[in-house]
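Good morning. I will take a few minutes to go through one chain. Please have the sequence and the structure open.

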Amino acid sequence: MEIKITALHFTANEKQIEFINKKVERLSRFVSDENAVAEVTLQLEHTSKKVQLKLDGHVNSCSADTFENAITVCVDSMKEAITREKDKNVW
């Protein structure tokens, strides 16, 4: 799975990029397409950090105090959405 990270109006440091890659890579188990592309957009807002995650036709946005918390919530929500869709298609 390819992961594209975009930081709007700032430069993400190496530690943040490693964390994002590690978390988003876990989603590859739930995606059927080996060539899937995950797009992660990081954005600074007034009092919070916003993350948008696009993968396999799903879009998820999360805000939190830190990018790490936002990424964790986003990845967990995306995993649930993908799993829910797969379960729906099985029936």
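Before the surface figure, one term: accessible area here comes from the Shrake-Rupley method with a 1.4 Å probe. By that method the chain has an accessible surface of about 6,000 Å², and carbon and sulfur atoms hold 46% of it. Keep in mind that this is a predicted model.

Now the layout. You can find 2 helices and 4 strands in the chain. Going along the sequence, their order is β-α-β-β-β-α.

Next, the dimensions. The C-alpha trace spans about 45 × 25 × 15 Å along its principal axes. Among contacts with a separation of 6 or more, 47% are between residues 24 or more positions apart.

On charge, there are 13 positive and 15 negative side chains. The centres of these two sets are 4 Å apart.

Last, the aromatic rings. How many aromatic pairs does the structure hold? It holds 1. The partners are Phe10 and Phe67, and the pair is stacked, with 5.4 Å from centre to centre and 15° between the planes. An angle under 30 degrees is what counts as stacked. Phe10 sits in the loop between strand 1 (2-8) and helix 1 (14-25), while Phe67 belongs to helix 2 (residues 67-90), so the pair ties together parts 57 residues apart in sequence. Is Phe67 buried or exposed? Phe67 is buried, because its relative accessible area is 6% and the cut-off for buried is under 20%.

Definitions and conventions
Residues are numbered from 1 along each chain as its sequence is written. This is a predicted model: local features need pLDDT of at least 70, side-chain atom pairs count only at pLDDT 80 or more; totals for chains, interfaces and linings use all residues. Side-chain values use heavy atoms; hydrogens and water are left out. Contact means heavy atoms within 4.5 Å. Lys and Arg count as positive and Asp and Glu as negative; His and the chain ends are not counted. The place of a charge is taken as NZ of Lys, CZ of Arg, CG of Asp or CD of Glu. Rings of Phe, Tyr and Trp (its six-membered ring) pair if their centres lie within 6.5 Å; planes under 30 degrees apart count as stacked, over 60 as edge-to-face and the rest as tilted. Buried means under 20% relative accessible area, exposed over 50%, partly exposed in between (1.4 Å probe, protein chains only).
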